[in-house]
Amino acid sequence: MRQRTKQFALRIIKLFRAPPKTEEARILGRQVLRSGTAAAANYRSACRGRSRADFISKIGITVEEADETVFWLELLIDANIVKEAKLEKLLAEANELVRIFAATRTTAKSR
């Protein structure tokens with residue numbers, strides 16, 4: 001998962017370089033760049049949690065960042081800044097990561 005989240009962050013960085021150079025594209029691009037890379041960084045941090053409570057807290061932040069990334073990607077599509085076809089796979093990966101992180105948090109809480 002560490003490698004997968006890092007690859008996701010790299011794909012987000014590539015996306016940030018691609019949108020049109022309009023003001024709204026730059027603003028939304030920065031938001032998706034921040035949340036998409038934060039999801040990967042927070043997952044890495046969660047893996048180094050010092051306790052179960054620390055892990056649960058950090059994986060919760062990871063869920064939030066990944067879900068926020070989904071929001072920004074959807075907004076880029078809905079605002080017609082980036083074509084849906086271009087973001088389809090990245091959005092699917094973001095949604096899958098949200099589900100994985102949320103399930104991980106649920107499992108950690110139940111133990």
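**Legends to the close-up views**

**View A. Serine 35 within helix 2.** Serine 35 lies in helix 2, which covers residues 23–47. The model shown is a predicted one. With a relative accessibility of 0%, serine 35 is classed as buried, because the limit for that class is under 20% relative accessible area. When its neighbours within four places in sequence are set aside, the contacts of serine 35 are Glu65, Glu68, Thr69 and Trp72.

**View B. Serine 35 and leucine 87.** Which distance separates the C-alpha atoms of serine 35 and leucine 87? The separation of these two C-alpha atoms is 16 Å, while along the chain the two residues are 52 residues apart.

**View C. The aromatic pair of phenylalanine 71 and tryptophan 72.** The whole structure contains 2 aromatic pairs. Phenylalanine 71 and tryptophan 72 make up an edge-to-face pair, with 4.9 Å from centre to centre and 70° between the planes. The pair counts as edge-to-face because the angle between its planes is 70° and the cut-off for that class is over 60 degrees. Are the two residues buried or exposed? Phenylalanine 71 is partly exposed, at a relative accessible area of 43%, whereas tryptophan 72 is buried, at 13%. Tryptophan 72 is also one of the residues in contact with serine 35.

**View D. Helices and overall dimensions of the protein chain.** The protein chain has 4 helices and 0 strands, and its elements follow the order α-α-α-α from the N terminus. The radius of gyration is 14 Å, close to the 13 Å given by the globule rule for 111 residues, so the protein chain is as compact as a globular protein of that length. The C-alpha trace spans about 45 × 20 × 20 Å along its principal axes.

View E. How many of the contacts between residues at least 6 apart in sequence join residues at least 24 apart? The share of such contacts in the protein chain is 72%.

Note on methods:
Residues are numbered from 1 along each chain as its sequence is written. This is a predicted model: local features need pLDDT of at least 70, side-chain atom pairs count only at pLDDT 80 or more; totals for chains, interfaces and linings use all residues. Side-chain values use heavy atoms; hydrogens and water are left out. Rings of Phe, Tyr and Trp (its six-membered ring) pair if their centres lie within 6.5 Å; planes under 30 degrees apart count as stacked, over 60 as edge-to-face and the rest as tilted. Buried means under 20% relative accessible area, exposed over 50%, partly exposed in between (1.4 Å probe, protein chains only). Helices (H or I, at least four residues) and strands (E, at least two) are DSSP runs, numbered from the N terminus. The radius of gyration is taken over C-alpha atoms; the globule rule is 2.2 Å times the number of residues to the power 0.38. Contact means heavy atoms within 4.5 Å.
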